[in-house]
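This report concerns the pairing of charged side chains in a protein. Please examine the sequence and the structure shown below before reading on.

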Amino acid sequence: MLRRFRYLMRLVGIGWTLARHDALFPLQQFDAPPFLLRLAGLPAKLRRRKFRDRRPGERLAAALEELGPSFIKLGQALSVRADLLGEDIAQDLGRLRDRLPPFSFEEARKSIERELGHPIDELFETFDREPVAAASIAQVHFATVLSEGEPKEVAVKVVRPGIREQLAQDLGLFFWLAEMAERAEPSLRRLRPVDVIRTLQESVAIEMDFRLEAAAADEIREVFAGDADFRAPAIDWERTGETVLTMERVRGISLGDRSALAESGLDRSELAIRVIRIFLKQAMREGLFHADMHQGNLFVEETGVIVAVDFGIMGRLDRPTRIFMAEMLGAFIAGDYRRAAEVHFEAGYVPAHKSVDLFAQACRSIGAPIRGRPVSEISVGRLLAQLFQITKTFDMQTRTELLLLQKTMVTVEGVARDLDPEINFWEAARPVVEEWAQDNMGVEARVADTFETAFDIVERVPRLLGSAEEVLERFRAVPDMRKDAEEQRRRLLLIAVLGGFGGAIVGALLVALLLV
């Protein structure tokens, strides 16, 4: 009861802030109690004029920034949920930038020494007292270390004091609200608000453990080793822990610094193409992508190589999901709306009892308006956002990994178009997409999949025999059943061997059919 009272009082404060920014519409949309709306709406008349010229999403983003770190994170999580708030609001929330006043050097020093177990003067040759960036969870300082006797520049990320406790309290409130929403409005269960908060909780937990961010950066660096266009900074594992992350300092121009890019003489159109291809290589080829690729996290070095920083938010896509995305987008571009619908059913995303024809009609309502338009004017991010919005009618479960992909696509398209307003996303993407499709959806890929299935069947034979032998040993322990057990052993052996070779033969026949 006391917790509920605290949450209600906190809600009044939240409503008050939303009202001052003329951003009460989320509470109204989800049927908040009338008394809360009336109480929260008291200050609205006083401040509404100030925000009258802003879009609803901009007003909501400003309110969330004022409410603090947890709400900034919530806004960023909601920016991938166009199905909840609408595409325009989601896009405005996607522009939320996580900036807060810095905390003191003394607090940073104490955190570093507590985490790494040594005085800061022993860990670093030099350490800048003033941070270069400060956000809700951490701030970054530049420093130098000795590496093989030579000074090496590094960036040190330090967790913000007290942030764990603050996030835990606010996440408790978010869970309570999500659970109430699901109970009070059954239609919201399809949108899985509790799962949204759970995903936020998991994301924050990963962001709060800098060892996991370091591992993500290290994995990206490894899979892109030798790539001519992209790399990730090296991690200094000796000076990295749960609350401190030390990595190579990136020397380059931010892709958001237009004047510096103009002075550098770098080809902005070529940079735009490479940003798109880098993202697609991550998402399609590797199934692992940097999910916060805004201009502030991307730098271009003198060599033209693009370097990413801040790996706290990562997305992962398994191979079946990547194949689904490729087939679905290809069907939309070709105007084959029946096929666009079928791939949703084949992937199990839409319940089997729903009508394929009606879903195809819904797909047409999205695809038809873009038919005949120049390919350069078609935004894949917007197409996906519109598709996710129609899923409510068909009880399609929300797929958080696809929502994160869609949000990142919108961000990447925005970065590319900022560099080159005339960029053609599809032409830029073509080489990466065609190579991936050939490797994963061509005849050779299907042959490899068939062989892999056949070999998997054959490899199961020893395991099957071992399991059968174990079961029969138990039967042998009973005298009257020994004779029957030996007979069963022979039968199981025959079945296992024939099954294994049969699987291989079927696999070979399938390969032959594919090659005909």
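## Terms and overview

Helices are DSSP runs of H or I with at least four residues, and they are numbered from the N terminus. The structure discussed here is a predicted model.

Side chains of opposite charge can pair when their charged atoms come close. A search of the whole structure finds 32 salt bridges.

## A pair between distant parts of the chain

K281 and D229 form a salt bridge through their side chains, with an N to O distance of 3.8 Å. The two residues are 52 residues apart and belong to distant parts of the chain. K281 lies in helix α15 (residues 268-286), whereas D229 lies in the loop between α13 (210-223) and β5 (230-231).

K281 counts as buried because its relative accessibility of 16% is under 20%. D229, at 22% relative accessibility, counts as partly exposed.

In helix α17 (residues 337-346), E342 and R338 are four residues apart, about one turn of the helix. Their closest N and O atoms are 3.1 Å apart in a salt bridge. E342 is partly exposed at 26% relative accessible area, and R338 is partly exposed at 39%.

Helix α21 (residues 425-441) holds R430 and E434, which are also four residues apart, or about one helical turn. These residues form a salt bridge whose closest N and O atoms are 3.6 Å apart. R430 is partly exposed at 40%, and E434 is partly exposed at 47%.

## A network

Which residues are linked with E342 and R338 in a network of salt bridges? The network also includes E327, R339, E346 and D357.

Key:
Residues are numbered from 1 along each chain as its sequence is written. This is a predicted model: local features need pLDDT of at least 70, side-chain atom pairs count only at pLDDT 80 or more; totals for chains, interfaces and linings use all residues. Side-chain values use heavy atoms; hydrogens and water are left out. A salt bridge is a side-chain nitrogen of Lys or Arg within 4 Å of a carboxyl oxygen of Asp or Glu. Buried means under 20% relative accessible area, exposed over 50%, partly exposed in between (1.4 Å probe, protein chains only).
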